[in-house]
Amino acid sequence: MAATVQFEAPDHFLMDELYTDEHKIIRDSVRDWVNRSVKPVIEEYFEKAEFPSFMVKEMGEMGMFGPFIPEEYGGPGLDFMAYGLIMQELERGDSGVRSMASVQTSLVIYPIWKFGTEEQKQKYLPRLISGDIIGCFGLTEPNHGSDPGSMVTRFVDKGDHVILNGAKMWITNSTIADISIVWAKDEEGVIRGMIVEAGGEGYSAPETHGKYSLRASVTGELVFDDVKVPKENLFPEIKGLRGPLSCLNSARYGISWGAVGAAMDCYDAALRYAKERKQFGKPIAGFQLQQKKLAEALTEITKAQLMSWRLGNLRNEGKATAAMISMAKRNHVDMALHIARETRQILGAMGITNDFPMMRHMMNLESVITYEGTHDIHLLITGAEATGIPAFY
Amino acid sequence: MKILVCISNVPDTTTKIRFTDNNTAFDAAGVQWIINPWDELALTRALELKEASDTSIETITVINVGPQSTEPTIRKALAIGADDAVRVDAQAPDAYAVAANLAGYIKENPYDIIFCGIDSSDYNGSLVGGMLAEFLELPSVSSVSKLDIEGDTVKMNREIDGGSEVLTTPTPFVAIVQKGIALEPRIPSMRGIMMARKKPLNVVPPAVDEALTEFISYELPPSKAACKMVDAENVKELVDLLHNEAKVI
């Protein structure tokens with residue numbers, strides 16, 4: 001039975017013809033789930049600044065965590081295009097919900113799959129994929145954001161375990177996480193990754209309050225005060241920033257798709273409203289200034305859809321570079337934020353209420369444009385790619 | 001026990017209906033296709049029955065009469081949980097052609113319970129279930145809103161004027177189901193979608209290739225007139241409008 005939530009996806013360039021039937025079933029299934037489980041309640045959770053924890057179990061049952069993980073570790077073994085489409089639809093619901101799923105998939109499942117030992121994979125992946133346990137990712141520190149290489153969190157070798165000290169900040173899922181992937185320096189100053197189980201002595205995860213953004217998702221800190229981590233929880237091979245940056249690449253790829261979903265949601269809501277709302281005796285969709293906003297939004301969404309589809313194919317082929325993903329993340333999030341602001345204006349005063357999704361998307365996207373590499377840093381990545389001259393510092 | 005669920009491939013219920021060829025054909029360009037909602041509920045109930053520990057259902061098969069373009073809809077049914085699928089390779093120009101082709105297959109491949117949705121949301125004919133039962137010379141129960149299996153007997157609730165009727169029937173039979181048979185349809189999981197790749201989808205030739213109905217032309221319903229507001233105090237004006245303008249009293 002069709003869901004009662006109204007949504008008609010803009011598809012100006014007949015993108016559906018480019019997707020396989022299986023990709024369309026995947027996208028439509030997540031779309032149906034978002035219409036059924038996210039859309040009817042998300043404004044309430046956002047307003048209360050509460051994480052809708054029931055969604056974790058449902059997303060796990062649906063197979064939205066680690067969709068590209070092979071069957072042997074409990075995943076469905078889909079491709080990166082499928083992952084992108086899942087993220088697009090989740091963020092059409094809410095960036096906070098998508099953020100939770102992004103972290104679980106790209107920042108926790110992905111590094112264990114790529115860098116973990118066989119024992120670590122068998123121990124954690126099936127439960128992370130099913131949503132039975134939740135993970136988070138600790139890289140950013142209070143004084144080290146865009147420059148993670150300067151991190152001060154450290155560990156010392158104590159034989160069969162290490163002792164971890166330091167603090168991580170702006171951590172999605174921190175307070176609800178059962179495990180965290182923590183990046184810290186060893187005694188030689190080399191960055192290593194490890195799996196830290198929550199709740200041990202010296203471990204705490206205080207929540208960050210007062211957010212005007214991502215209110216339906218949990219953000220907090222991770223504080224390690226002489227936390228004992230078994231040696232077998234360290235990733236054995238990966239060293240340096242390459243480890244965390246490859247995770248961020250996967251996450252940024254998902255974010256670039258997600259932002260398109262948020263933009264599509266704003267566009268659809270505004271178009272529907274503009275056709276129904278009458279002023280001066282005709283629908284406001286018939287006025288040139290409103291058409292300008294809608295036409296520009298449709299143009300930008302269409303460009304982003306094409307870029308995402310191409311990026312999905314490149315990622316499936318192993319040819320999507322960090323710079324390509326960076327460009328897509330920067331472009332799409334900026335595009336979505338602009339569309340959220342413009343489409344909100346179409347709704348006039350109604351646009352500021354929670355009867356419509358624009359304000360929530362707009363507030364959420366202020367985080368999305370900042371995390372996983374700020375808007376400015378991504379510009380410098382493209383600049384370095386174009387000129388061959390890094391201008392970060 | 002084997003269950004067969006007949007599924008129809010219909011336009012999404014939010015589709016904007018347009019016609020082509022001088023209003024003699026439905027314009028399928030850009031249309032999203034879905035499993036007919038009542039058929040999807042029937043499939044959901046069949047899956048619930050299979051999962052219930054006290055029933056002995058071996059397989060759930062879905063069957064569709066249609067061209068190759070309907071296969072994404074069939075794959076979705078497999079992703080939701082059907083074990084295998086059959087596509088009778090024929091156009092489905094009218095209810096007779098659909099029912100006769102379903103019957104042609106089922107006569108050779110019998111099932112214990114055959115589910116049909118009460119209606120298909122495109123043409124709203126409400127004909128296929130009854131016709132199919134007649135072709136198969138099987139009993140049928142219509143407007144079924146609840147269905148349980150108790151041993152070899154199937155117990156059902158059927159909606160009737162002012163209430164509901166409870167009845168039982170031995171198998172095999174055709175259950176023509178309506179809203180209420182299951183709470184809400186299932187959404188395919190990613191694992192289900194992946195597993196659907198490996199499930200059999202058998203394409204069989206049609207038993208009949210004729211239709212008994214010819215569509216002459218289509219037209220959209222007239223658009224609704226604008227709502228007219230009448231002051232609650234002004235009953236005289238309301239009666240006058242209902243009498244002279246709306247002409248309903």
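Leaving aside residues up to four places away in sequence, A:I346 touches A:A270, A:Y273, A:A274, A:I284, A:Q290, A:K293 and A:L294 (contact means heavy atoms within 4.5 Å). The model is predicted: local features need pLDDT of at least 70, side-chain atom pairs count only at pLDDT 80 or more, and totals for chains, interfaces and linings use all residues. Residues are numbered from 1 along each chain as its sequence is written, chains are lettered from A and ligands numbered from 1 in the order in which they are written, and side-chain values use heavy atoms, with hydrogens and water left out.

A:I346 belongs to helix α9 (residues 322–346) of chain A. Helices are DSSP runs of H or I with at least four residues, strands are runs of E with at least two, and both are numbered from the N terminus. A:I346 counts as buried because its relative accessibility is 4%; buried means under 20% relative accessible area, exposed over 50%, and partly exposed in between, with a 1.4 Å probe and protein chains only. A:A269 is 77 residues away along the chain, yet its C-alpha atom is separated from that of A:I346 by 10.0 Å.

Chain B contains six helices and 13 strands. Its C-alpha trace spans about 65 × 45 × 40 Å along the principal axes. Chain B has 249 residues, and 44% of them count as buried. Of its contacts with a separation of 6 or more, 70% come from residues 24 or more positions apart.
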